[in-house]
Amino acid sequence: MLLKKILIALAATLIIVYFYPHPEANRYNYEEGRPWNYSKLIAPFDIPVHPDSATIIAARDSLSARFVPIFELNQLIIDTIVSRLPEAPGTNLQRRLGAELRKIYSSGMVDMRTREEIEQGRLPKVRILNKNVLSEMSTSAFTSPRDAYVYLDSVITDPELHQYFLRSNLQNLLLPNYTRNEEECRRNYEYEYLTITADRGIILQGQTIIDKGAIVSSQDFTNLRTFEAMLDQMSNKQNQSRWLMLLGQFLYVAMLMALLMLYIYFFCDNIYNNQMAFIFIYSLITLFFLVGVGLNYFVAQGVYLAPMMIVAILVLVFFDGRTALFTTGTLALICAGVTAFALEFLFLQFCAATAAVFSLRELSRRSQLLRTSGVVALAYLLAYVALELLMNGSVEGCTWRMAAILSVNAALTSMAYIMMFAVERIFGFVSVVTLVELADINAPLLMRLSNECPGTFQHSIAVSNLACDAAQRIGANVQLVRAGALYHDIGKIANPAFFTENQHGVNPHDALSPERSASIVVNHVKDGLQMAERARLPESIRQFIREHHGAGMAKYFYITYCKAHPEEDVDKTPFSYPGPNPQSRETSILMMADAVEAASRSLKEHTREDIAALVNRLIDGQIAEGLHNSSTLRFRDIETIKEAFIKRLMTIYHSRIAYPVANKPHTQPMAQ
């Protein structure tokens, strides 16, 4: 088991290290629009001044808007087309149609795509290449083969010439005489682009690149990037080992993953002993690291946009708040190497994670996530302002862009509600939200239980109240106990009349043998599991159905059979439930509550002594039979559960005040 966990942690580590930014790219941590927090930077060598990104983008947009494409004129195309016209001996039809074509081609003919650009006003002029000389020409007179054909069809009025025009198949002969020269366009575009984006000068060795405290402008940012790139080239030339840097990254991430594993081992048995839960924790860290790195790659300061508080919320919902804080802290430490200001990033994430955990605690309604998103946003913004005051002594460095990024991050936290359902389906966990929805008595299966087995339904509600009270007192999962108690007897829907609480004076067991009766009663566990599977109830709810009788017996029918066969060595198997015995505190509580609630109905007197005797006898009997040996209940818990049952049953069966009956007033006889 330990080897599997080590392999899971190692796989997560290798994935993270593979996508980790190269250390040499973070020689200095800085951001555009933020102060330079290092000492004055002096150029150790000459550095070319490349135009900044904004200038390059503006230049490219300007060039794209004003660039005039280059066309070539094919003067021989008209002669070729005329030569392909059909012969018309004894007439001058070929010459006359050729003359019309030459008039049209003299104005210029282009392809349909170019003609559409002209009509849309995107190509008012073109440049014509003629013997390596470029000259501009207006496109207003240009036509297309289709337009030329339509024009000729409309202007030729001579019937004989028109017939010849139709026979000549011109629609397949007309070709543009002005065509775009793509190679010349590309070459000229690149030349003009290089001209307007050429270096702006040079920072000579010994000159200042940037002063301490200066705001990093767009041009400064470009200069610093150029400086770092040149440093990297020199480092490569000096054969500095990149593998040692990768080793450092691996050790950094591996140590954090190992510390997380140690925390889980010592403080989270429920995660360490559950392989799916262990995989979930490490998968969550890996996934959100990749999200942060991906956003940082495409968006400046994108790692601040990654909604890492979803990690805290998901771990809190399925496990506990302490684990949520530790897991989120591990993720923040891993992602800190991606950011420009590691300490600032860690402080922001710590404040937000703490706010998320303490504002949520237990998620049972969707509205709580909206409130948590607001609290996280407030924590982010307050932490951001505090950092600016600490680092710069004023709030002038606060930017609306960073405030917007942090606010969007907080808003994305509400996506945890959607991810919760995905996690439940993939890993088989059950959230409090799902348990609350399952415990709704209007749920289809519970509605069916209420309609077809009203006695069992009332029994389930009573057991739920008993079990929840006990679970709350010992710190068990109350919502899980409530839902499990409501569904534990749904198998009785298959044969409702065979269970006492649903009978009305007629007992069908009177006509059956004890073995057959026991089989029907015992099978309500199997029937319940089948119904739960069809209804896609979570495995944690099915455990209550499977374990609420454990490997106990249908004692009434077993004793009846033994009395009828006193000389026989009776096999207990036909009278035993399939089990297993309760494996958790919650299912143990249900087994106790189920037995106590059913038996309490048969008490003639409901004094504290009678109820206490009943509770002690039933629970002590289950313990003596070993039904709770596999549970994690402690002796102290059992005493607390007994006391909770006694108090609850005393409340249910308390004696009521006898209301006096008013005497009827005497009526006076009417005077005669």
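Is C398 buried, partly exposed or exposed? This is a predicted model, and in it C398 has a relative accessibility of 25%, so it counts as partly exposed. C453 comes out at 0%, and therefore counts as buried.

The structure holds zero of them. C398 is in none, and the nearest cysteine sulfur, that of C351, is 14 Å away.

The largest nonpolar core has 75 residues. I264, F280 and Y282 have the most contacts inside that core. Leaving out residues up to four places away in sequence, F280 touches L314, F318, F319, V423, F427 and F429. Another core, of 51 residues, lies apart from the largest one, and L438, L466, L614 and A644 are among its members.

Now a helix, α24, residues 539-547. Its buried residues are S540, I541, R542, F544, I545 and E547. What do they pack against? The partners are α19 (432-438), α22 (478-487), α23 (514-534) and α26 (585-600).

That brings me to the second largest pocket, with about 1,400 Å³ of space. Its lining has 43 residues, and H549, K555, Y556, Y577 and A598 lie nearest the centre. Two or more lining residues come from each of α23, α25 (555-564), α26 and α27 (608-624). Which element gives the most? That is α26, with six residues. By type, the lining divides into 18 nonpolar, 15 polar and 10 charged residues.

How values were computed: Residues are numbered from 1 along each chain as its sequence is written. This is a predicted model: local features need pLDDT of at least 70, side-chain atom pairs count only at pLDDT 80 or more; totals for chains, interfaces and linings use all residues. Side-chain values use heavy atoms; hydrogens and water are left out. A disulfide is a pair of cysteine sulfur atoms within 2.5 Å. Buried means under 20% relative accessible area, exposed over 50%, partly exposed in between (1.4 Å probe, protein chains only). Helices (H or I, at least four residues) and strands (E, at least two) are DSSP runs, numbered from the N terminus. Contact means heavy atoms within 4.5 Å. A nonpolar core is a set of buried Ala, Val, Leu, Ile, Met, Phe, Trp, Tyr and Cys residues joined through side-chain atoms within 4.5 Å. On a 1 Å grid over the protein atoms alone, a cavity is a set of points where a 1.4 Å probe fits but cannot get out, and a pocket is an open set with protein on both sides within 12 Å along at least five of seven lines; lining residues have an atom within 4 Å of a point. Grid points are joined across faces, edges and corners, and a volume is the space filled by probe spheres set on the points. Ala, Val, Leu, Ile, Met, Phe, Trp, Tyr, Cys and Pro count as nonpolar, Asp, Glu, Lys and Arg as charged, and the others, Gly among them, as polar.
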